[in-house]
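Hi everyone, thanks for coming. Let me put the structure up, and then we can walk through it together.

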Amino acid sequence: MKRINLGLQGGGAHGAYTWGVLDRILEDERIEIAAMSGTSAGAMNGAALKSGWVEGGREGAREKLSWLWERMGAVEDMRWPAWMAAGFPASGVSRAMALSVPFAMADTVSRAMSPYAYGPFYRNPLRPIAESFNYDKVCTEDGPALYVSATNVRDGKIRVFPEAEISTDVLLASSCLPNLFQAVEIDGEHYWDGGYTGNPALFPLFEEEFPQDVVIININPLTREDVPRTAHDIQNRINEISFNSSLLRELRAIAFVQRLLREGALSPGRMKNVLVHMIADDALMRDLSVATKLVPVPELMWTLRDAGRAAADGFLAEHFDDLNERGTVDLAAMFN
């Protein structure tokens, strides 16, 4: 049995890719998920997996993930008309949405108008979904441990909520894009999306009782070969860099510790030798944009789910034997 931890990135509706990865991992009874750290859509995925696992094991977790993304595709306030996406490749759907007049108008309004301007008419379209979780199952110590991150608006620091503290407001805080949603108040503090400070936060997974392996499910491309030139592409790349920056900082710290251990400057056991793995499909994600992160497209969600399953299948075929033995991400090369 291979024990692993999961790092679940946020990325709005692109989190359907993570659904596919998790669905495939849950099929493999040789793998035990010990702990998860999630942000935004990653937090939603983690809560669905945990609650479903507690209710019905692996199959229960898979069913709960399917339930979550069926609900996400049905959010009428956010979804894209199905007929406008049918029959087009993912890249075509994303580009058409990003360049469409309705999306351009909504994007302009979101930048010029505060979500607080709606007054009593404001409502978070994700709240009905977040309220639908069984928090007795999400917050229990049974099943994989779960951590959810959000960003404190006042001091800019990350707050990691352990499973016992997870609630509707915690999931909404972790998913709170400040130009779209009002900050979420918890214990007298206000919170925005956790992606600004931890996407996902890896340090909760370094506890001694958890395995060394952290499998990061990455849905924001780390690299792009071409320099963005259009206003839309520039904004999209800014979004990607912003939401990857905290992850890269933690990976750099892991690489530093690994170097100290290799050189004998740090005694084995003083700090955890984290074995990093990553499941990603940057080629697919580079063809998408922030538009399809913000607006659920059911047809695209299925495409992303299938891509996630395929990526996880390829990872397990190539790297299953590496789990609990060695990392499969060359961190030294990544930061040189």
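A word on contact before we start: I mean heavy atoms within 4.5 Å.

Some housekeeping. This is a predicted model, where local features need pLDDT of at least 70, side-chain atom pairs count only at pLDDT 80 or more, and totals for chains, interfaces and linings use all residues. Residues are numbered from 1 along each chain as its sequence is written, and side-chain values use heavy atoms, with hydrogens and water left out.

Now the overview. The protein has 12 helices and eight strands; these are DSSP runs numbered from the N terminus, helices being H or I with at least four residues and strands E with at least two. Of its 336 residues, 53% count as buried, meaning under 20% relative accessible area, with exposed over 50% and partly exposed in between, using a 1.4 Å probe and protein chains only.

On to the strands. How many residues of strand β2 are buried? Seven of the eight in β2, residues 31-38, so labelled by the definition I just gave. Strand β1, residues 2-8, runs parallel to β2, and seven bridges join them; for two strands to pair, DSSP has to find at least two. In this pairing, R3 sits opposite E32 of β2.

Next, a helix pair. Helix α1, residues 16-27, packs against helix α2, residues 41-72, at about 160°, with the axes 8 Å apart. That makes α1 roughly antiparallel to α2, a label for angles over 145 degrees, while under 35 is roughly parallel, 65 to 115 roughly perpendicular and the rest oblique. Axes here are lines fitted to C-alpha atoms, for helices over the stretch in contact, and angles run from 0 to 180 degrees between N-to-C directions. The residues making this contact include W19 and L22 of α1, and W53 and W69 of α2.

Staying in α2, look at A48. Is A48 buried or exposed? Buried, at 0% relative accessibility. Setting aside residues up to four places away in sequence, A48 touches A61, K64, L65, L68 and F133. A48 and V138 are 90 residues apart in sequence, yet 7.9 Å apart C-alpha to C-alpha.

Last stop: T168, in helix α7, residues 168-174. T168 is buried too, at 15% relative accessible area. Beyond its neighbours within four places, T168 contacts R127, A130, E131 and Y135.

Thanks, all!
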